[in-house]
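Me: I'm new to this one and would like a quick tour. Can we go through it piece by piece?

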Amino acid sequence: MTAFPTETVRPRHWSPSNERSLPTDFTALARPAGYSSRSMAKARILIVEDDASLAEVLEYNLSQEGYDVQVARDGQQGLREIRLRCPDLVVLDLMLPMIEGLEVCRLLRADPATAGLLVLMLTARSEESDELIGFSVGADDYVSKPFSVKVLLQRINALLRRKEQGTGDRDVIVSQGIMIDRRRHRATAGDRPLDLTPSEFGLLTALVRQPGRAFSRAELIDVALGDDAIVLERTIDVHIRALRKKMGRYADLVQTVRGIGYRLRDPADVISM
């Protein structure tokens, strides 16, 4: 069995001068529960990060996990590498030279060839409004600096596992004008297609499958991000806000259950009104 580091992991060229710009917790790297060495170990990951020290640390640790890792130093190079190498997941910094991370994400979602690419946004900005912007342009997850490498790896593993395994057992689900086609990864509200991130698609699928059922935020984290993902529960609130915005006049179908979480409106409630 491969021996994973059991103490702080730092790249060869580490120096105290770049300490501030890097994550502050390079702790033991252990494979999270559910890690699949056969399926995810060969996944291709592109890091788009202009901070050379941080990029080196991420490249080292992801390579140690068995991923095939490439690094791009700016948004323009990142787009070029994505189109050339077709990675499974992109770790995308928000503040990049040449082309900013938000614009890179917009361009990826607008291109049918890259619309389904997993994007984990990495940034020093931690305001909720910034997270909403990131999710609104199609980011699947959002991690703020400073961060634990172990937590970042768990988030990456959860995204890749969710994409590989999927959830549920029916391909097409319809409720109150919302249609989910899991096989084609499509969703519509009325006759209007919904441009959803994988996380938003997972959330909406869970809600539509069981209208009227109240889901806790923890349950929705399991559905949308993976059952061993370590995230704040308010991350689900950010996803729900972005989802409602995309649903337009159907947004009211996603109801807040105070003190619990969220549900899709029960069709019986409409009949009784």
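Me: Start with the fold as a whole. How far apart in sequence are the residues that touch?
Reply: Among contacts in the protein chain between residues at least 6 apart in sequence, 63% join residues at least 24 apart. Contact means heavy atoms within 4.5 Å.

Me: What kind of model is it, and how are residues numbered?
Reply: This is a predicted model, where local features need pLDDT of at least 70, side-chain atom pairs count only at pLDDT 80 or more, and totals for chains, interfaces and linings use all residues. Residues are numbered from 1 along each chain as its sequence is written, and side-chain values use heavy atoms, with hydrogens and water left out.

Me: How many helices and strands does the protein chain have?
Reply: The protein chain has 9 helices and 12 strands. Both are DSSP runs numbered from the N terminus: helices are H or I with at least four residues, strands are E with at least two.

Me: And what share of the residues is buried?
Reply: Of the 273 residues in the protein chain, 50% are buried. Buried means under 20% relative accessible area, exposed means over 50%, and partly exposed is in between (1.4 Å probe, protein chains only).

Me: OK, what are they for α2 and α3?
Reply: Helix α2 covers residues 75–85 and helix α3 covers residues 101–110. They pack at an angle of about 25°, with axes 10 Å apart. Axes are lines fitted to C-alpha atoms, for helices over the stretch in contact, and angles run from 0 to 180 degrees between N-to-C directions.

Me: Roughly parallel or roughly antiparallel?
Reply: α2 and α3 are therefore roughly parallel to each other. The cut-offs: under 35 degrees is roughly parallel, over 145 roughly antiparallel, 65 to 115 roughly perpendicular, and the rest oblique.

Me: Which residues meet there?
Reply: From α2 come G75, L79 and I82; from α3 come V104, L107 and L108. By class, that contact has 5 nonpolar, 1 polar and no charged residues. Ala, Val, Leu, Ile, Met, Phe, Trp, Tyr, Cys and Pro count as nonpolar, Asp, Glu, Lys and Arg as charged, and the others, Gly among them, as polar.

Me: Tell me about V104. Buried or exposed?
Reply: V104 counts as buried, at 1% relative accessibility. V104 touches G75, L79, L92 and I99, leaving aside residues up to four places away in sequence. V104 and Q76 are 28 residues apart in sequence, but their C-alpha atoms are 8.1 Å apart in space.

Me: Next pair. How do α6 and α8 pack?
Reply: Helix α6 (residues 198–209) and helix α8 (residues 234–247) pack at about 80°, with axes 10 Å apart. That makes α6 roughly perpendicular to α8.

Me: Which residues make that contact?
Reply: S199, E200, L203, L204 and L207 in α6 meet I236, H239, I240, A242, L243, K246 and M247 in α8. By class, they divide into 8 nonpolar, 2 polar and 2 charged.

Me: E200 is on that list. Is it buried or exposed?
Reply: E200 counts as buried, at 0% relative accessibility. E200 and A139 are 61 residues apart in sequence, with C-alpha atoms 10.0 Å apart.

Me: Why call α8 largely enclosed?
Reply: 10 of the 14 residues of α8 are buried, so the rest of the structure largely encloses this helix. Among the buried residues are T235, D237 and V238.

Me: What follows α8?
Reply: G248 follows α8, with a positive phi near 60°.

Me: New topic: which residues other than glycine have positive phi?
Reply: C86 is one of them, with phi near 50°. C86 lies in the loop between α2 and β3 (89–93), and counts as partly exposed at 46% relative accessibility. M98 is another, with phi near 70°. M98 is in the loop between β3 and α3, and counts as exposed at 61% relative accessibility.

Me: Where's the cis peptide bond?
Reply: The peptide bond from K145 to P146 is cis, with omega near -5°. P146 is in the loop between β5 (141–144) and α5 (149–165).

Me: Last one. What does T188 touch?
Reply: T188 touches G177, I178, M179, P193 and L194, not counting residues up to four places away in sequence. T188 lies in strand β8 (residues 186–189) and is buried, with a relative accessible area of 17%.
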